[in-house]
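Dear colleague,

I am handing over the structure we spoke about, and below it you will find my notes on what turned up in it. Please read them with the model open beside you.

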Amino acid sequence: MNIHEYQAKEILSGFGVPILKGAIAFSAKEAGQKAKTLGGDLWVVKAQIHAGGRGKAGGVKLARSLEEVEAIAEAMIGSKLVTPQTGAAGKIVQKVYVESGASVQKEFYLAIALDRALETPCFIASSAGGMEIEEIARETPEKIIRVAIDPATGFQPFCARKIAFALGLPKAAQSGFFALAKALFDCYEATDANLIEINPLALLEGDRFVALDAKISFDDNALFRQANIAAMRDLSEEEPSEIEAQRHNLSYVKLDGDVGCMVNGAGLAMATMDIIKHEGGFPANFLDVGGGASAETVAKGFEIILRDPSVKSIFVNIFGGIVRCDRVANGILEAAKLTDAQAPIVARLDGTNAELARQMLKEANMPNVIAAADLASGARQAVQLAKGN
């Protein structure tokens with residue numbers, strides 16, 4: 001689960017990470033009022049969407065008067081912001097964060113995430129603050145610093161010292177950095193975060209640090225014990241079909257292709273998308289109906305897939321271990337009837353009661369439902385049907 005910048009800063013501040021004064025606003029007039037309350041003569045107006053790269057897309061702007069704050073907010077709220085992370089569709093800006101300005105001496109990148117190869121939390125830092133980490137890795141990989149945290153000992157002062165020395169921080173700023181790094185790790189552990197990213201982390205006058213931006217994503221599987229964080233979820237920033245799928249215990253992710261996928265098991269779902277690409281097609285989604293899929297679950301999965309107007313064919317790839325293939329076949333036939341599916345359905349069913357399932361599909365006498373002989377031929381058929389062949 002992702003949250004907005006202002007929410008991330010609220011959480012980080014509670015753990016002792018220094019931030020600038022700021023306030024959320026839902027209208028231009030409110031933005032001006034919040035800026036006036038914050039005081040000063042320099043503010044930053046930031047579009048609040050779940051995507052990075054806002055600055056380059058015009059979603060982060062400086063204002064030097066209250067009138068300018070209102071004008072910027074007026075232009076931002078209700079507009080569509082397109083960044084590399086939103087794709088061409090972009091995201092509608094519904095609110096802005098008004099933050100006090102500051103005189104920045106130097107910007108850094110600092111994050112903590114799970115290193116899946118090492119199976120441990122890892123600090124990632126760079127002296128190239130303000131840039132996207134992908135851009136840093138591509139253009140100046142030597143500037144990326146990684147420090148793994150041993151789960152047995154947890155965060156230790158030498159971890160922060162190693163990062164500070166590699167970044168070349170002035171001695172007067174190091175104690176503040178040590179405290180910030182410890183606070184960041186404490187927040188990471190306590191909130192079940194997947195990623196905490198501060199970009200940029202700014203060094204201000206007086207050798208003090210402040211998080212100018214903040215991004216936190218959380219482990220969905222741990223939200224049951226993070227009620228306060230779960231309440232921060234902004235459903236308007238998420239794909240509606242993915243939200244509905246979650247309500248029905250389906251793992252669904254919308255993609256940009258035209259071959260709809262329905263599979264049981266995450267590993268098989270990934271392999272199915274791979275073979276569709278191998279056959280020259282493009283998956284329209286990731287959909288794992290789970291090991292215990294029922295006819296009702298399958299029908300709901302079809303309903304969600306078919307709402308995507310880009311779907312030209314559907315490839316069902318089920319291995320019946322726990323789930324029985326005849327139940328899946330029944331779900332396919334019911335879904336084809338109830339949804340009046342126009343997209344052809346290619347079903348590859350293998351495992352428990354697979355022969356019975358294939359027989360059911362053939363005897364249904366539904367021309368838009370095709371029983372595939374095997375995985376490769378099924379994927380090939382689905383791709384060709386999507387292309388109109």
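Tyr 109 has Ser 126 as its bridge partner in strand 8, where strands (E, at least two residues) and helices (H or I, at least four residues) are DSSP runs numbered from the N terminus. Before going further, please note that this is a predicted model, in which local features need pLDDT of at least 70 and side-chain atom pairs count only at pLDDT 80 or more, while totals for chains, interfaces and linings use all residues. Residues are numbered from 1 along each chain as its sequence is written, and side-chain values use heavy atoms, with hydrogens and water left out.

Strand 8 and its partners

Strand 7 (residues 104-115) pairs with strand 8 in the antiparallel sense over seven bridges, two strands being counted as paired if DSSP finds at least two bridges between them. The two strands form a hairpin with four residues between them, and Glu 119 in that turn has a positive phi of about 60°. Strand 8 also pairs with strand 9 (residues 144-148), again in the antiparallel sense, over five bridges, and here the partner of Ser 126 is Ile 144. Because seven of the seven residues of strand 8 (residues 120-126) are buried, this strand is largely enclosed by the rest of the structure; buried means under 20% relative accessible area, exposed means over 50%, and partly exposed lies in between, with a 1.4 Å probe and protein chains only.

The nonpolar cores

The largest nonpolar core has 43 residues, of which Phe 123 and Phe 177 touch the most other members; such a core is a set of buried Ala, Val, Leu, Ile, Met, Phe, Trp, Tyr and Cys residues joined through side-chain atoms within 4.5 Å. Helix 6 (residues 171-190) gives the most to this core, with nine residues. Leaving aside neighbours within four places in sequence, the contacts of Phe 123 include Leu 110, Ile 145, Phe 155, Ile 163 and Phe 185, a contact being heavy atoms within 4.5 Å. A second, separate core of 32 residues has Ile 304, Ala 354, Leu 361 and Val 369 among its members.

Elsewhere, four strands form an open sheet in the order 1-6-2-3, with antiparallel pairing. Its edge strands, each pairing on one side only, are strand 1 (22-25) and strand 3 (60-63). Neighbouring strands of this sheet are turned by 25° against each other on average, direction ignored, where axes are lines fitted to C-alpha atoms (for helices over the stretch in contact) and angles run from 0 to 180 degrees between N-to-C directions. Strand 2 (residues 43-47) and strand 6 (residues 96-100) run antiparallel and are joined by five bridges, and Val 45 has Val 98 in strand 6 as its bridge partner. Helix 2 (residues 28-38) packs on the sheet and touches strand 1, strand 2 and strand 6, its direction making about 165° with that of strand 1.

Salt bridges

A search of the whole structure finds 21 salt bridges, each being a side-chain nitrogen of Lys or Arg within 4 Å of a carboxyl oxygen of Asp or Glu. One of them joins the side chains of Arg 307 and Glu 244 (2.1 Å, N to O), and this pair links distant parts of the chain, with Arg 307 in the loop between helix 10 (295-306) and strand 16 (313-320) and Glu 244 in helix 8, 63 residues apart. Arg 307 is partly exposed, at 48% relative accessible area, whereas Glu 244 is buried, at 14%. The side chain of Glu 244 also makes a polar contact with that of Lys 300 (3.2 Å); a polar contact is a pair of N or O atoms within 3.5 Å, and within protein one must be able to donate a hydrogen and the other to accept it, residues adjacent in sequence counting only if both atoms are side-chain atoms.

Glu 279 forms a salt bridge with Arg 380, the closest N and O atoms being 3.3 Å apart, and this pair, too, links distant parts of the chain, 101 residues apart, with Glu 279 in the loop between helix 9 (266-278) and strand 15 (285-288) and Arg 380 in helix 13 (residues 375-386). Glu 279 is buried, at 18% relative accessible area, while Arg 380 is partly exposed, at 38%.

With best wishes
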